[in-house]
Amino acid sequence: MKQFKAKVISNKKIAKDHYILSFKAAGLRKKVKPGQFFNVKVNNSYKPLLRKPFGAHKITRKGIEILYKVVGEATEILSTKKKGDVLDVLGPLGNGFDFKSTAHSSAKTGTGSPQPVVATLVAGGHGVAPLAALGKELSDAGHKLSVFIGARSKKEVVCEKDFRKIGAKVFVATEDGSKGYKGLVTNLLKNKLRHTTYDIRDTIYACGPNPMLKEVAKLAKRYKIPCQVSLEEYIACGTGTCLGCAVKTRSGYRLVCKDGPVFDAKEIIWR
Ligand SMILES: Cc1cc2nc3c(=O)[nH]c(=O)nc-3n(C[C@H](O)[C@H](O)[C@H](O)COP(=O)(O)OP(=O)(O)OC[C@H]3O[C@@H](n4cnc5c(N)ncnc54)[C@H](O)[C@@H]3O)c2cc1C
Ligand code: FES
């Protein structure tokens, strides 16, 4: 982890309230793992007082991309940033997804000759941001992907094309029914699990609002599928010192910013 001044390379609106900001991060490319995040100070004043966490969305030769939704003061300010502006960034932080050992062990437990591992990615809202980086890594490693994207409406569905480009099967759910399945992405996942096939029965990686993650964890338990969830908690220091992001787990309280944000879904004691 390091603190650095990052020059903005670009900042583009990609959908209603959603932006992708790319910043220079020399030497970090090989050090960032999908699921890790950066704690960003969006300006030099005391408003907003705290840094805000954003997952690595794409890790490229030029730098790091974050995908964010404008929901309040900090993200509003972030949306005004232009090429050449400078951000104060702390990171990479947190543990990231444990996709190497999971993929390996899943492959070994298959019957007969090794099968390509099929991973299921479940995204709610801006939770799609870190799953794009994970999807790329898994696809580069030869794994098949089923991706479930949930959003309020068609206008807020992002990254669908990116996932299709890497060969993923993509299923979309919108709450208002303007695209794909009408309803919650967890209901769509439930339907697919009920009616199909081994190919979505491998590790589930999920990121989104906590009620969604709780439901995904329940389904994973019911169908005995290993599941990792990236939790959303309020982050302040981001480095394990303020204890403000503690969550209850089966092995006591753990810190989302340091021990997480990714946890084995079985470990979490859901509220
Ligand atoms: C590890 C981690 C990674 C994240 N990665 C991304 C990302 O890649 N892209 C992205 O768009 N967002 C991400 N978030 C959420 C993002 O940090 C918040 O939306 C952001 O801090 C909002 O700042 P704001 O000042 O604009 O809005 P605020 O005024 O701080 O919040 C606006 C609204 O969002 C709610 N909110 C804010 N932060 C959280 C939170 N952590 N959990 C639950 N509710 C919250 C507030 O209660 C309020 O209703 C991540 C959060 C965590 C914990
Ligand atoms: S945010 Fe301070 S300990 Fe996690």
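**The shell around ligand 1**

Tutor: Happy to! In this predicted model, both domain 1 (2-93) and domain 2 (99-267) contribute to the shell around ligand 1, each with at least three residues. There are 20 residues around the ligand, and those that come nearest are Pro53, Leu67, Thr75, Glu233 and Tyr234. Sorted by class, the shell holds 11 nonpolar, four polar and five charged residues.

Now for the polar atoms. Pro53 places a backbone N or O atom 2.7 Å from an oxygen atom of ligand 1. A polar backbone atom of Gly55 is 3.0 Å from an oxygen atom of the ligand. With His126 the side chain takes part: one of its polar atoms lies 3.4 Å from a nitrogen atom of ligand 1. As for cover, ligand 1 taken alone exposes 880 Å², and the protein buries 76% of that.

Which elements give two or more residues to this shell? They are strand 4 (52-55), strand 6 (63-69) and helix 1 (73-78). Strand 4 supplies the largest share, four residues.

Let's step back to the two domains. Their centres, taken over C-alpha atoms, are 22 Å apart. Where they meet, 20 residues of domain 1 are in contact with 23 residues of domain 2. The area buried between domain 1 and domain 2 is about 1,800 Å², with carbon and sulfur atoms giving 67% of it.

Key: Residues numbered from 1 in each chain as written. Chains lettered and ligands numbered in written order. Predicted model: local features only at pLDDT ≥ 70, side-chain atom pairs only at ≥ 80, totals over all residues. Heavy atoms only, no water. Near = heavy atom within 4 Å. Polar contact = N/O pair within 3.5 Å; in protein donor to acceptor, adjacent residues only side chain to side chain. Areas by Shrake-Rupley, 256 points an atom, 1.4 Å probe, with all protein chains shown as cover. Nonpolar A, V, L, I, M, F, W, Y, C, P; charged D, E, K, R; others polar. Domains from an automatic or database assignment. Contact = heavy atoms within 4.5 Å. Buried area = accessible area lost by both parts, 1.4 Å probe.
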